Every structure is written in C-alpha cells, then in structure tokens.
Amino acid sequence: MRVIKEPHLGGTLLVMPGAGTGADALRRTLTRRDAVFIGMGSMIGAGMFVVWSPAARAAGSFMLLSLFIVAVVAACNAYSSAMLAARYPCAGGTYVYGKERLGELPGFLAGWCFVIGKSASCVAMALTLGAYVAPGYERVAAVVAVIAVTAANLSGLQHSARISMAIVSIVVAVLVGLGASVVVAGMAGEPMFDLGAGLASTAAPSAYGVLQAAGLLFFAFAGYARIATLGEEVADPERTIGQAIGITFVVVLALYVGLAVLVIGVIGSDATAASVAPIADMGEQVWGQQWVWLIRVAAACAALGALLNMLLGISRTTLAMARDAHLPTRLARVSGAHQLPQRAEVAVASVVLLVALVVDLRGAIGFSSFGVLLYYAVANGSAWTLHGDKLWQRIVPVVGFVGCLVLVAALPWESVVAGLVLVALGIGWYAGTRRSRMAG
C-alpha cells in the first residue's frame, strides 16, 4: 500500500488501494500524450465504421438525437471516471472505485461487467477487422489479429502507446480527407451532401428506438475508461488522468458528430440502416470505387488499435481482481522485463479467441454495451459518494447513473437476457469464493 496526496480534499493524505507493491507493482511510464492516444485508440475503433447501421435501423431519421443522448451520458461517465481516477490512480478502474466507495460486491460487479463487456468488444473489433481485410475468412483473420495484438502488448506498454499513436493518425487522416472532399465538391458546384434529404426516412421512429440506438452507439464511446484502468502505469496520475480523459472525450466526440452528420448527409439514413459498411459506401460515393480500399485500410487499422487498447484495459482489471482473489490469484503475477501482467493478458486473449469463434458481430455489440453501461453505472454511483463542493459535481453522477440504466433497459432483449445470465453467474462466482477470500 502506498500513500498519495489527495488534491481534491485540501491536501489530505489517503492510502491508494489496489496497487501492487514491490515485484508486483506496475511501472509509471505513460505520459499525458501516451494516455490520450491510448484513449483515442480505444474510442476511434472499428465501432465508428459499423455502429451507424444498427443505430439507424433503430432510430431512423432520429439517429442524431440518439447520438446527443449518448453523448450526454458518456460525458457524465467521463467526468465521474476522471474524478475517481485522480483519487485512486491504480490498476482496475471502476472495479477499485466501486469497491472503495460502495463496497466489495458493487466493485466486483463493475469489474465483472467490464471484463465480460469489453471481451465482447474485443470480439467485435476482431471480427470487424476480419470482415474488412478478409471477407469470407473473418474468424481466421480475427484469431490472427488477437494473437498479433497480444504479442505487441507483451512487448511493452510504450510500444502499445506508439502503435496507438500511429493508428489514430492514419484513421483520422482518412476521415478528415473524406470530409474535406465533400466540402471541396460542394464548393466546386457538385454537392454530395444534403442533410435535409438524408434525414428523411421511411422508418417510423419511436422513443424506444431512439433510446435503443443510443445504447448501441455507446459501444463506440466507452474507450476513455482505458486511461483509468491503466492508472497505475501513468506518470503524475493525479493530474494526467483527468486531463487525458477530458481531451480524449472532446476530440473523439467532435469526430463522431462530424462523421454521423456526414454519413447521413451523403448516403441518407435509410441507406445507412441497410448498409453493412456505411462508411465504405459513403467513401465509394465521394471518392469512387477505386479508392474504397483506403476506407477498408482505415477500418482495419481502427479495429486493430481498439483491440490492442481494449486488451490492455481488460488485463489490468483482471490483474486488480486477481489481487483481491476475485479471480484466480495466479493472474495477479507481474513479470517480464517490462513488469507486465503477462498471465492476465494471455488469459484474456485466450477467452477472446474462443468467443470470436462462436458469436456474430451484432450480438457482440449489444452485449458489450450491456456490460460496459453497468460498469459506468457503478462509476457514477461511486463518484456521487465523493460529495463534491459544487452542485453540478453532485448532479452529474446522478444523471450518468440514471442514463446508463435507461440505455441498458433499451438494448435489444437478446443482449439484455444474455447479460443478465452472465451477471447472475458472476454473482454466483462471488458468493462461491467469498468464504475462501475471508479465510485468506
């Protein structure tokens, strides 16, 4: 256990829970820039290339309203995560926050939901990459991608940060170029963009559909948690984590809003709903068939970057839970020249590989949103117990908590049922191992 200075409470000294010590401690090597690019690499993933279609099918021409709703909920989640991460800068994220602020069971549920939800996200990223680079052999490509990314993560966290930086740069450059081409075409008298016509839809929207679309869109918004789960490896975490989460969220939100408006204005909400690759369809209309490969490369890079960073976050939460014996304690071992949780990383990658062989992309997206929304509900509940001095510091966690639960309830019923079954299994595991933890 280590003592840290708590800047939010007038300099009070607090003990930082959940951190490893000695040989099991992680190294603080990540700068603010590293943390920002890891967060962006997680959020600017393949989700932005695939999530618009199911969202448009659910919300129709009201998809932009769904995007606004999920942006508000995600902003609350980001704020709550930043407050908590600055106070508890150790591996595990909301697993640690829930355990320290709400009790052992809420903390366990947060960690359990994060691990299962983000494992589903990893599967979705791997399958998306396979769909773009190896149509017909998606699962084979997914397996290769998971193995390659795990090898990169095991080579050192700094390597992962540099890979994220390169991937984010490529993806953003392609998307900005696509948007610039639409603007230039309009200025040249060949307009390709008509938001009014694009918003016209044959589908009849409903409040439930709008909320369901928001829940599905959340799949693409949850990456900033990666910064918090890596809290034990960030230099000067009291300042760095909050700044990195804020920067990441604002930049990515601007990109998502611009991309959503662009895809609806170019190909329309009905075509978006019917498409399996709406960004590629938009690229074909703007650049022509001969340049669609560039969109596919960007999508593959985005999926690879998100997969890399998600596996990092899941392995750190697994590490934190194993330290407390909520998962097998052998997964708490930190080893290798770079002092990494290698056993946890290999275990997580193995689970992702197995699941990628049996589930489909849509199911992975819905199930991922279920798990991660519950994770952030615990984060908001934990942040509320901090009782900030300002009124909005108490209101934001409440809005985030309620918003997460509403979006969970609005997800496709298959995702909700599957999620509840796995949460029940998690509670059963918790109860079954409680006696041994207490004895230890």
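I take contact to mean heavy atoms within 4.5 Å. The model I am working from is predicted.

**Entry: S81**

I started with S81. I found S81 in helix 4, which covers residues 63-87. What does S81 touch, once neighbours within four places in sequence are left aside? I get Y97, I245, Y376 and A379. Next I looked up the accessibility of S81. The relative value is 2%, so I count S81 as buried, the cut-off being under 20%.

**Entry: aromatic pairs**

I turned to the rings. How many aromatic pairs are there by the rule? The count is nine. I looked at Y88 with Y97, a tilted pair. Their ring centres lie 6.3 Å from each other, and the planes make 35 degrees. Y97 is also one of the residues that S81 contacts. Is Y88 buried or exposed? Y88 is buried, at 7% relative accessibility. Y97 is buried too, with a relative accessible area of 1%.

I then took F108 and Y430. The centres of these rings are 5.2 Å apart. Their planes stand at 45 degrees, so I log the pair as tilted. Where do the two residues sit? F108 belongs to helix 6 (residues 104-133) and Y430 to helix 19 (residues 413-439). F108 has a relative accessible area of 0% and is buried. Y430 comes out at 9% relative accessibility, which also counts as buried.

I noted one aromatic cluster as well, made up of F114, F218, Y375 and Y376. Y376 had already turned up in my list of contacts for S81.

**Entry: helix 17**

I checked the span of helix 17, residues 361-384. The helix has 24 residues. From the first C-alpha to the last I read 35 Å. That is close to the 34 Å expected at 1.5 Å a residue. How many of the residues of helix 17 are buried? I find 19 of the 24, so helix 17 is largely enclosed by the rest of the structure.

**Entry: helix 3 against helix 10**

I looked at how helix 3 (residues 52-59) packs on helix 10 (residues 207-217). The axes are 7 Å apart, at an angle of about 170 degrees. The cut-off for roughly antiparallel is over 145 degrees, so helix 3 runs roughly antiparallel to helix 10.

Which residues meet? From helix 3 I list W52, P54, A55, A58 and A59. From helix 10 I list G209, V210, Q212, A213, L216 and L217. I sorted the contact of helix 3 with helix 10 by class. It has nine nonpolar residues, two polar ones and no charged ones.

**Entry: W293**

I moved on to W293, in helix 15 (residues 292-323). W293 is partly exposed, at 48% relative accessibility. I also read a distance from W293 to G283, which is ten residues away along the chain. Their C-alpha atoms are separated by 9.3 Å.

**Entry: whole chain**

I closed with totals. The protein chain holds 19 helices and two strands. What share of its 440 residues is buried? The figure is 58%. I then took contacts between residues at least 6 apart in sequence. Of these, 81% join residues at least 24 apart.

Notes: Residues numbered from 1 in each chain as written. Predicted model: local features only at pLDDT ≥ 70, side-chain atom pairs only at ≥ 80, totals over all residues. Heavy atoms only, no water. Helix = DSSP H or I, 4+ residues; strand = E, 2+ residues; numbered from the N terminus. Expected span 1.5 Å × (residues − 1). Buried < 20%, exposed > 50% of the residue type's maximum accessible area, 1.4 Å probe, protein only. Phe/Tyr/Trp six-rings, centres within 6.5 Å; stacked < 30°, edge-to-face > 60°. Axes fitted to C-alpha atoms, helices over the stretch in contact; angles between N-to-C directions. Parallel < 35°, antiparallel > 145°, perpendicular 65-115°, else oblique. Nonpolar A, V, L, I, M, F, W, Y, C, P; charged D, E, K, R; others polar.
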